[in-house]
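Hello,

Please find the structure below, followed by notes on what was found in it. Have it open while you read.

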Amino acid sequence: MVGQNQKKTFFRAMLYLLPALVIIAVFVVYPMFHTLRMSVYEDFNIFSKEGSGFGLSSYIWVLQDPNFHKALANTFIYAIVTVPVSIALSLVIAILLNSGIKGSKFFQTAYFLPYVTNAIAIGLAFRFIFHSEFGIFNKFLGLFGIDAIQWLNDPDWAMFTLCIFGIWSALAFKIVIFLAGLQGIDPQLYQAARIDEAGKWKQFIKITVPQLGPILAYQFVIATIGAFKAYVEVVGLFGDDGPLHSATTMVYYMYDKFYNANRYTIAAASGVIMFLIIMVFTFIQMHMSNRRADQ
Amino acid sequence: MDIRIEGLTKTFTGKENKETIAVNNLTVTIPSGHLVGLLGPSGCGKSTTLFLLAGLHEPTSGKIFFGDEDVTGLPPEKRGIGLVFQNYALYPHMSVYDNIAFPLRNSRSFKEEHKDAKERRAAIDQIVQHTAKIVAIEELLDRKPAQLSGGQQQRVAIARAIAKQPKVLLLDEPLSNLDARLRIQTREEIRRIQQATGITTVFVTHDQEEAMSITDEIIVMRDGLVQQVDHPQETYIHPANVFVAQFLGNPPINLFQAEARGGWLIVNGDRAMATVLADGHYQMGIRPESFILTGDEGDGTFNARIEFKATIGRDFQVRFDINGHFSEALIESDQHISEGDTVRFALRRSGVHLFDQDGKRIEVW
Ligand SMILES: Nc1ncnc2c1ncn2[C@@H]1O[C@H](COP(=O)(O)OP(=O)(O)OP(=O)(O)O)[C@@H](O)[C@H]1O
Ligand SMILES: [Mg+2]
């Protein structure tokens with residue numbers, strides 16, 4: 001590249017990037033600005049694309065809506081529960097699979113299946129598993145003399161059920177990523193650690209975790225963003241947002257306001273709020289993982 | 001503590017069940033406090049032997065004793081060994097300091113000796129600093145392994161292995177990446193530490209000079225089989241077979257076919273050396289430094305036509321044909337010879353070795 005005509009290089013680069021740039025502009029940048037614009041009106045006509053009542057009234061409405069509070073709280077609970085649990089669980093499973101136990105090849109494939117299967121279909125399967133009368137969950141609990149739980153119909157249990165489902169469906173992708181990470185660790189490090197009298201737990205803490213450092217950080221960021229965007233899991237499991245809206249989430253709220261209630265400006269405002277929340281969290285996490293990496 | 005190895009065998013089963021016998025029925029005793037060199041060409045099973053001693057490989061058969069204790073089934077963490085890996089295996093995410101301190105922090109016995117946590121930390125710090133000084137890396141303690149040169153990494157690996165004062169020290173080519181001066185310095189240092197502490201040490205190398213200079217004994221291996229176990233000088237003076245004779249010595253021994261006839265070994269058609277061997281064909285080896293230029297013409301000498309001559313320091317290197325084998329001799333430089341000359345050589349008996357056609361040493365000839 002040295003000595004080449006800079007202008008020519010620039011144009012050629014642009015030519016290569018153009019398709020991607022066009023797609024990003026049409027499907028990401030334009031909708032973002034459009035959403036931002038919609039959110040600052042009280043009312044918006046999506047056909048004429050004209051708004052009326054310029055101001056922050058939609059934001060005020062959203063922030064005062066008890067349903068939004070519920071959605072916000074649920075989303076946070078969902079994120080706080082499913083992210084650490086699914087990461088811990090998937091790491092344990094990945095380590096087991098990587099330790100070359102019998103049939104690990106089979107399980108590696110088996111664990112990946114949910115990832116390539118439609119979430120709605122899995123949700124339907126889980127509806128059956130959680131079924132209060134016929135579901136195996138309650139059948140299993142029945143063995144211990146525990147009364148049937150209304151997993152899907154009781155508003156008090158809905159979030160719990162959603163979290164279990166959320167954790168389960170988040171496992172596949174994480175396991176695959178962790179497996180790749182584990183396979184990248186030099187096995188000689190473990191041999192050296194054994195010579196240095198480090199037990200299994202010490203090896204995990206002092207070698208596996210630091211070696212997986214960047215991957216762990218990545219998983220946390222991706223999983224948190226994913227949890228904040230939880231929607232398919234809700235619809236897949238309940239068909240709507242659970243009994244008495246008990247399992248509603250931010251994205252569900254947004255969807256509901258847009259398609260069911262046709263409150264476009266409210267939907268847009270809640271979308272912007274969600275965007276800001278995710279952004280703040282991502283920045284915090286990146287900052288923390290960068291600092292850890294610097295140490 | 002001595003190390004006894006009895007009938008140790010390790011086979012690896014590769015693809016399509018192809019078996020590699022990396023170590024083949026190895027039986028040897030390493031006396032307590034000795035430094036033993038494990039010498040052999042690449043792929044002969046040196047690292048595998050070390051890994052078996054460390055417990056990182058499980059032997060296919062055979063037993064290993066440390067002192068009176070049978071450690072064959074003991075995991076590496078219970079064997080109390082220090083190991084320097086051929087490619088270091090430093091912990092990339094830890095500083096040099098933490099790398100060296102790691103085994104001390106894990107050690108049960110160290111915890112027993114230093115019960116108080118604060119006192120233990122101070123003790124560890126003192127050992128780390130001291131060990132770092134020995135291998136000359138005290139300036140590098142804050143660095144990560146990736147920020148070190150190959151030689152520096154190697155010294156960190158040595159420091160990590162000796163810091164915990166192991167009962168047995170295993171070194172897998174620990175000096176291969178050092179420059180000539182540092183290599184000699186470090187090997188003297190290893191020797192010094194080893195003698196001071198009396199740690200039984202196995203030192204893998206394929207550098208024979210290294211092995212000769214610091215070891216008490218040498219084990220020469222080839223294709224998983226032990227060829228000779230002996231004092232370093234003995235392996236050179238009395239090579240047990242053709243392989244050892246050829247492997248040791250630089251420049252290498254001149255090896256060729258020679259006939260014994262009527263009490264003489266025939267070299268280039270002349271009666272070069274008296275022998276008691278029966279008439280027949282033998283493998284004859286002559287060390288390059290065992291040729292003597294002579295004015296004599298009679299029995300006990302032979303003709304050679306110099307085809308090449310070069311000056312190496314004080315000596316001349318000359319090359320010529322012996323019984324069809326292009327040979328090399330080192331002779332003192334005050335002799336006047338030039339390429340194309342035909343000269344007469346006598347031989348120093350101590351530098352001449354005879355082997356049967358199977359390559360086994362013939363002791364009396
Ligand atoms: N894990 C393994 N699986 C299969 N074969 C192996 C394994 N480790 C070593 N071998 C084979 O065993 C033989 C001895 O290997 P080893 O590493 O002990 O050689 P070495 O003497 O240390 O050689 P070098 O001087 O090159 O390090 C080689 O043929 C090697 O290919
Ligand atoms: Mg090796």
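Two strands count as paired if DSSP finds at least two bridges between them. In β19 of chain B, the bridge partner of B:D321 is B:F326. Please keep in mind that this is a predicted model.

Strands near the end of the notes on pairing

Eight bridges link β18(B) to strand β19 of chain B, residues 325-332, and the two run antiparallel. The hairpin of β18(B) and β19(B) has two residues between the strands, and B:N323 there takes a positive phi near 45°.

Chain B as a whole

Chain B has 365 residues, of which 53% are buried. Its secondary structure comes to nine helices and 21 strands. The C-alpha atoms of chain B fill a box of roughly 80 × 45 × 40 Å along the principal axes. Of the contacts in chain B with a separation of 6 or more, 65% are between residues 24 or more positions apart.

Cavities

How many cavities of 30 Å³ or more does the structure hold? There are two. Rolling a probe the size of a water molecule over the atoms shows where empty space is left.

The largest cavity has about 40 Å³ of space. Its lining is made up of B:I158, B:I162, B:L169, B:I190, B:I193, B:Q194, B:T197 and B:I199. The elements that give two or more residues to this lining are α5 (150-163) and α6 (180-197) of chain B. The most comes from α6(B), with four residues. By class, the lining of the largest cavity has six nonpolar, two polar and no charged residues.

The second largest cavity has about 30 Å³ of space. Lining it are B:I5, B:L26, B:V28, B:I30, B:L38, B:T49, B:L53, B:V202 and B:I219. Here the elements that give two or more residues are β2 (19-30) and α1 (46-54) of chain B. β2(B) gives the most, with three residues. The lining of the second largest cavity has eight nonpolar residues, one polar residue and no charged residues.

Where the chains meet

The contact between the chains takes 26 residues from chain B and 16 residues from chain A. Together, chain B and chain A bury about 1,800 Å² between them, with 56% of it on carbon and sulfur atoms. Which three residues supply more than any other three of the area that chain B buries against chain A? They are B:E77, B:H93 and B:N106, which supply 29% of it.

One helix in chain A

Helix α11 of chain A covers residues 250-260, and its buried residues are A:M250, A:V251, A:Y252, A:Y253 and A:K257. After α11(A) comes A:N262, whose phi is positive, near 55°.

Backbone points to look at

Most residues other than glycine have a negative phi, and most peptide bonds are trans. The peptide bond from B:N250 to B:P251 is cis, with omega near 0°. B:P251 is in the loop between α9 (242-247) and β11 (254-261) of chain B.

B:Q165 is not a glycine, yet has a positive phi of about 45°. This residue, B:Q165, lies in the loop between α5 and β7 (168-172) of chain B. Is B:Q165 buried or exposed? It counts as exposed because its relative accessibility is 62%, and the cut-off for exposed is over 50%.

B:D223 also has a positive phi, near 50°, and is a residue other than glycine. B:D223 sits in the loop between β9 (217-222) and β10 (225-230) of chain B. With a relative accessible area of 55%, B:D223 is exposed.

B:D125, in helix α4 (residues 117-134) of chain B, counts as partly exposed because its relative accessibility is 31%. B:D125 and B:A146 are 21 residues apart along the chain, and their C-alpha atoms are separated by 22 Å.

Regards

Notes: Residues are numbered from 1 along each chain as its sequence is written. Chains are lettered from A and ligands numbered from 1 in the order in which they are written. This is a predicted model: local features need pLDDT of at least 70, side-chain atom pairs count only at pLDDT 80 or more; totals for chains, interfaces and linings use all residues. Side-chain values use heavy atoms; hydrogens and water are left out. On a 1 Å grid over the protein atoms alone, a cavity is a set of points where a 1.4 Å probe fits but cannot get out, and a pocket is an open set with protein on both sides within 12 Å along at least five of seven lines; lining residues have an atom within 4 Å of a point. Grid points are joined across faces, edges and corners, and a volume is the space filled by probe spheres set on the points. Ala, Val, Leu, Ile, Met, Phe, Trp, Tyr, Cys and Pro count as nonpolar, Asp, Glu, Lys and Arg as charged, and the others, Gly among them, as polar. Buried means under 20% relative accessible area, exposed over 50%, partly exposed in between (1.4 Å probe, protein chains only). Contact means heavy atoms within 4.5 Å. Buried area is the accessible area (1.4 Å probe) that two parts lose on being put together, summed over both.
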